Amino acid sequence: MAQKAGDRDRCATGLEGLDTILYGGIPRSNTVLLTGSCGTGKTSLALEFLIHGAIKGENSLFVSVTENSDKLLQNIIPYSFFDRSLIKSGKLVFVDLPILYERLGMTKPDLSMEEIDLLVAAISDLAKELETKRLVIDSITSVCYKLKTSEKIRDFILRLSKALSDLNCTSILVGEVAADSTSYSSFGVEEAIADGIILMANMERRGDLLRTLQVIKMRGTMHSRAKYVLDITPVGVLLVPLLKGGSTG
Amino acid sequence: MSPEMVSAQQIAKELSEMPPSSAASLQMSVDNYLDVIRGVVDLFANKKEMDTIYVTATISSDAIRRVLDALDIDSSRVYFVDCISHIMMGASSAQQDEHTTLVESPTMLENLMLKVEYLIRRSGSKDKLVVIDSINSLAIHNNNWILSEFLHILVSGLRSRDAYTVIFTVEEHSTPEINNMVSLVCDHGILAGKKEG
């Protein structure tokens, strides 16, 4: 897609449908909250974003918080374009955050302000060392549980976003919300700080459960705000518009 | 005078005259289903060495495969999007079949489009044919608004991918609304139903 004058450089996600929705991709160095309830495809989408980046030669880093990365790799859908050599070559790196906590001596259930500083520095140093251009933290909600207060969460995400943005790294923070939540994040803070919000959901229609995706906000670009239905396939996440069928709901 | 059926050869000839990315409605009678299948899948798609993505909402993919076998039609290039086996609770054999992709219900029209898109991307053949069998069966489960929207998006997408689209309508079960909906998105109409001989 030709770049118009004044347009920001894009980080094309490699998901054709999403790049179309975003008029070419996520504005580079943005921090995006990818949020939704369980089983909506957040991790699969985030992984695909990283794999496409690694294939293009952009160093990509997956910070796993809730699941051991070996187990994660076994369970992900076998994307036909995924090649384990991306991991061997270091283009795609998986890091388990609990191991990082351990190394930093963060064994207590909640983190102090000093420890937050340490954690931000550890993640950004790692991203700097690996020359990371795409980063995913799955999930930011699990990290936030260790931060407890809104102030600490705000501070952590703000500092992390700034550090990653300074490295020209485009980041996706995976957020978890309850299925019946009307908010885009568990703590109500993450959504306000992120440059973009991509909402994934399960939508029930006449007894059918559809996986949907909607870009709620994305700083630095025009984007569609419509709801799309998605499918996770071996060729990647595919999207089509949600049919309205003359409904007003 | 008894009605005379349009032959499989005639159907294939009419389809062959269409340029790629065309969409055609194929109005048939329940009595000449076999001729239509032979004309579309065998004499048109197989002869042109193109993959066929066969969306079935009328009878199960298993049953259509048996029809193809009985007619001695090569089904190695036919990939099914089966919208009916799951709701009939008869999907167990289709689940094991590499040539069949299941959609849970014919009401999940978006998922139907996604499965077609997936098969188009996976297909290695230069030209592709997408068959919708049939619009009347889909109309049993969906209202005209959503069906019309579905057809518009599906056919527009397939045109942009240079795929042929053939939409079956069954004259005994059709209505003026359904015929209008189909003719709105199609640029060719093939009458393969009964005609006075």
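In the predicted model, the contact between the two chains draws 19 residues from chain B and 15 residues from chain A. On the side of chain B that touches chain A, helix H5 (109-122) and helix H7 (144-160) of chain B each contribute at least two residues, and the largest share, nine residues, is supplied by H5(B).

Most peptide bonds are trans, and most residues other than glycine have a negative phi. Against this background, the bond from Asp138(A) to Ser139(A) is cis, with omega near 5°, and Ser139(A) belongs to the loop that lies between strand S6 (134-138) and helix H7 (140-144) of chain A. In chain B, the peptide bond from Asp133(B) to Ser134(B) is cis, with omega near -5°, and Ser134(B) is located in the loop between strand S6 (128-133) and helix H6 (135-141).

Ser139(A) is also one of the contacts of Glu176(A), which, when neighbours within four places in sequence are left aside, touches Ser139(A), Thr141(A) and Ser186(A). Glu176(A) is part of strand S7 (residues 170-176) of chain A and is classed as buried because 20 other C-beta atoms lie within 10 Å.

Positive phi values occur at Asn168(A), where phi is near 60°, and at Ser21(B), where phi is about 75°. Asn168(A) sits in the loop between helix H8 (150-166) and S7 of chain A and, with 13 other C-beta atoms within 10 Å, is partly exposed. Ser21(B), placed in the loop between helix H1 (8-16) and strand S2 (23-28) of chain B, likewise counts as partly exposed, with 16 C-beta neighbours inside 10 Å.

Methods: Residues are numbered from 1 along each chain as its sequence is written. Chains are lettered from A and ligands numbered from 1 in the order in which they are written. This is a predicted model: local features need pLDDT of at least 70, side-chain atom pairs count only at pLDDT 80 or more; totals for chains, interfaces and linings use all residues. Helices (H or I, at least four residues) and strands (E, at least two) are DSSP runs, numbered from the N terminus. A residue is buried if 20 or more other C-beta atoms lie within 10 Å of its own, exposed if 12 or fewer, and partly exposed in between; C-beta atoms are placed from the backbone. Two residues are in contact if their C-beta atoms, placed from the backbone, lie within 7 Å.
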